[in-house]
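Visitor: I'm new to this one, could you walk me through a few of its local details? Please show it to me before we start.

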Amino acid sequence: MPSASRFDLEIDRRDSWSTKWNRYGDRDVLPFWVADMDFRAPDCVLDAVRTRLDHGVLGYTQIPAPLTEAFRAWLQRGYGWQVPKEWLVWLPGVVTGLNLSAMAAATPQGSVLIPTPVYYPFLAVPNNAQQQPIHVGMQRSGERWVIDFDAMGKAVKPHTRLIMISNPQNPTGRAYSRAELTELAAFAERHDLIICSDEIHCSLILDDKTVHTPIASLSEVVAKRTITLFAATKTYNIPGLSCAVAVIPDAKLRMRFKAARRDLVPGIGPLAFAASAAAFNDQSDWVPSLVAYLRGNHARLAEVAGLRMTPVEATYLAWIDVSDLGLDDPAAYFEQHGLGLSDGRPFAGPGFVRFNFGCPRAQLERGLERLEKALQVRGEHAQGR
Ligand SMILES: Cc1ncc(COP(=O)(O)O)c(C=O)c1O
């Protein structure tokens with residue numbers, strides 16, 4: 001019997017107004033959709049929030065200097081990337097940063113290039129910034145999804161100003177290699193594009209042959225045209241404590257990004273600051289143990305009979321191809337079988353569903369039983385048996 005892991009603990013979340021768990025009301029649907037794990041955050045983070053709470057006054061708060069230092073040290077430890085504090089713009093969320101990036105880059109008749117499928121809020125960004133969207137489908141290359149540079153070269157326009165990527169990639173689970181990022185940076189250079197790189201999943205690398213490279217760390221030239229977005233919220237499972245940071249080396253671009261905030265973007269709360277500072281300071285076994293547990297969950301998911309998915313190199317999200325099942329509404333079909341999955345269509349990935357396996361193993365097993373059944377029933381139907 002393997003010894004119990006802290007990640008095995010099942011916590012009832014329905015009484016906490018959980019977005020993930022309360023979506024389906026009283027229906028017997030197990031949620032594996034939104035990118036929110038079911039694990040308790042580590043004590044170092046919870047203790048930091050408690051300490052801040054015990055102060056008793058929770059007023060408007062400046063960016064705490066210890067948070068800035070914790071983040072800079074984290075970047076240096078993880079990626080050998082040294083950034084001065086002037087380059088940082090703190091935000092109440094990565095999605096806010098995606099939108100501000102497009103506003104900062106926007107020009108009349110401008111457009112935004114986006115490899116798809118992608119985390120669906122990316123797809124609303126061009127319109128929010130009054131720019132034209134240009135979606136370019138990623139390609140399957142063997143067991144991996146890759147950026148289609150030929151198609152991007154054909155799609156890019158003279159007025160395209162920005163390319164937006166998710167790295168590691170939600171939903172395909174790709175962690176782009178250094179070679180791919182170098183090619184992407186050269187593409188951006190050739191077409192004079194700003195790069196907005198969402199690296200929120202960078203600590204969740206499941207493939208032991210893969211390392212995460214922040215694209216801006218490739219060279220100073222690349223850094224100058226890049227806005228990189230980070231947050232501790234996915235890795236430490238505190239997405240409800242909204243806090244993120246943009247790293248923007250170029251002073252003019254940073255000024256435009258800050259100007260785009262106007263009075264539309266709220267400040268960050270003191271509890272969120274405290275939690276993120278503790279997370280960036282963490283050097284305990286939290287990340288390696290979490291990654292090991294997620295690898296185990298990924299292996300179990302990959303064993304499901306009849307499942308078509310590419311291996312997840314990073315994130316806790318699997319991108320499952322259900323196009324052969326002939327379903328008009330895949331998410332609705334899986335819900336009928338008691339599974340709450342994300343439909344691929346909002347990600348510009350019709351025929352796919354996304355499965356979040358960031359949960360205790362016992363819960364995963366209950367979900368996998370349902371998944372296997374749902375695939376089997378439909379598979380037989382599709383074969384006309
Ligand atoms: C790639 C990616 N970016 C951003 C977010 C959300 O970030 P935030 O809650 O900080 O806006 C998510 C959450 O699922 C994500 O997967």
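Guide: Glutamine 130 sits in the loop between α4 (121–128) and β4 (132–137), where helices (H or I, at least four residues) and strands (E, at least two) are DSSP runs numbered from the N terminus. This is a predicted model, in which local features need pLDDT of at least 70, side-chain atom pairs count only at pLDDT 80 or more, and totals for chains, interfaces and linings use all residues. Residues are numbered from 1 along each chain as its sequence is written.

Visitor: What is phi of glutamine 130 near?

Guide: Phi of glutamine 130 is near 55°, a positive value in a residue other than glycine. Glutamine 130 has 13 other C-beta atoms within 10 Å, so this residue counts as partly exposed; by the rule used, 20 or more such atoms make a residue buried, 12 or fewer make it exposed, and partly exposed lies in between, with C-beta atoms placed from the backbone.

Visitor: And aspartate 192, where does that lie?

Guide: Aspartate 192 lies in the loop between α6 and β8 (194–198), and its phi, near 50°, is also positive in a residue other than glycine. Aspartate 192 counts as exposed because it has 10 C-beta neighbours inside 10 Å.

Visitor: Changing topic, which residue does a cis peptide bond join to proline 168?

Guide: That bond joins asparagine 167 to proline 168, with omega about -5°, and proline 168 is found in the loop between β7 (160–166) and α6 (178–190). The peptide bond from asparagine 170 to proline 171 is cis as well, with omega near 20°, and proline 171 likewise has its place in the loop between β7 and α6.
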